[in-house]
Amino acid sequence: MAASRLRGTGLLRRVLGVWQLGPHAGRECEAHLRSFLGCQRRRVSCVVGTAVSGPRLASASGRYGQDSALDRFLGASQANSSLTPCVPAVSIYRDEQHLLLDRTPDMPENPRVLRVALLGAPNAGKSTLSNQLLGRKVFPVSKKVHTTRCQALGVITEKETQVILLDTPGIITPVKQKRHHLELSLLEDPWKSMESADLVIVLVDVSDKWTRNQISPQLLKCLKQFSQVPSILVLNKVDCLKQKGVLLELTAALTEGVVNGKKLKMRQAFRSHPGSHCPSPAAKDPEAQPVGNSQGIGWPHFQEIFMLSALDQEDVKILKHYLLAQAQPGPWEFHSGVLTSQTPEEICANKIREKLLEHLPQEVPYNVQQRTVVWEEGPSGELVIHQNLLVPKESHVRVLIGQKGHMISQIAQEVGHDLMNIFLCDVHIHLSVKLLK
């Protein structure tokens, strides 16, 4: 009986996420299986140890979307549209993931492709936006800076189009990299991603009063060096603004009053609409007034402007429509079953690190070292993970364990839930907290 369940689980996993026959057939099969299974929620187990001295265990525009804020400035109104993508799962086996990455792309007759680099300051919301565009939370996200430590790749495949997202660390200066002893990847990866990009998204956190009024010198330097790469501006976290009129000033400053080679003209009366897109600033309204900025703190070569909340799926759909429309004729780089280039172990490690950053105070999460001890499939097809969390101080052990093991238990449960939605299988995760010797 157990063997039968194991074979059935393995078959389901392959159909849902790994050995897809094609961009259409595999997804249709997934839809039928989901309907047959009733889309049941999977289980996550957590085990907490009681020994005190030993290891602690715990398991836009008319083509792109509906009417937008800048469309209202320009007197334009757009039609509504939506996307209903089928998102592949990630295999729990490293070898299967590597085979899928190396597999010949199952391209349609007229394939289209676009490579997109996401750039911005640390904690601007790049990984959150990437996850929403992909449809699964495969990239780590937290409120603390430097959650993303190196470039990660995500793949959106819909019909004949493939969009490759290059999620990069926040751009930092060499001085900060040396001062805080950060990995060299945080300094180099944003620049490397530009070398192969067809389009760059510059993400600005409009809720951050300290950084929102200008594009950082490091980012401007990157844009100037790769000026041949088309760029768009995305104003993120607009839902956090109480006064939406601030978006007018920010748009003028960050674009220097120029979008798509034309002077930006906006209505004096601002009516906000989050999830927005400006196709081009060619306004013919007699009430419109030109606005500009000559201080050299913005980038006057953006082709488009979007205003959104990366947490809002409807907002992100507009941007996704635009990216799909920008894809150019060309061969796909990946099979349609690929969602990310990360190995399953890397995804797990990043998810645990995400929760550590989210729940632990100050410098504690940055000092945790992770060691995967067990990664195997259980008797019923579930994924069993044991990982050791090594910390340098006894006080850090107590903080990570929490009162009566509550903290480590909560982290394990949240990680297991996220992994379940990425791998589409049951996840039993055990976290051990040990003192680093």
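## Cysteines

Let's start inside the protein: Cys222 is buried, at a relative accessible area of 0%. Cys425 is buried too, with 1% relative accessibility. (Buried means under 20% relative accessible area, using a 1.4 Å probe and protein chains only.) Searching the whole structure turns up zero disulfides, a disulfide being a pair of cysteine sulfur atoms within 2.5 Å.

## About the model

This is a predicted model, in which local features need pLDDT of at least 70 and side-chain atom pairs count only at pLDDT 80 or more, while totals for chains, interfaces and linings use all residues. Residues are numbered from 1 along each chain as its sequence is written, and side-chain values use heavy atoms, without hydrogens or water.

## A helix pair

Helix α12 spans residues 344-359 and helix α14 residues 406-423; their axes come within 10 Å and cross at roughly 140°. Axes here are lines fitted to C-alpha atoms over the stretch in contact, with angles from 0 to 180 degrees between N-to-C directions. α12 and α14 are therefore oblique to each other, as angles under 35, over 145 or from 65 to 115 degrees fall into other classes.

Among the α12 residues that meet α14 are Ile347, Cys348 and Leu356, and the α14 side includes Ile411, Val415 and Leu419. Contact means heavy atoms within 4.5 Å.

## A hairpin

Strands β15 (residues 369-377) and β16 (residues 383-391) pair in the antiparallel sense over eight bridges; pairing takes at least two DSSP bridges. Helices (H or I, at least four residues) and strands (E, at least two) are DSSP runs numbered from the N terminus.

Glu377 stands opposite Leu383 in β16. Five residues lie between the strands of this hairpin, where Gly381 takes a positive phi near 90°.

Technical notes. Buried < 20%, exposed > 50% of the residue type's maximum accessible area, 1.4 Å probe, protein only.
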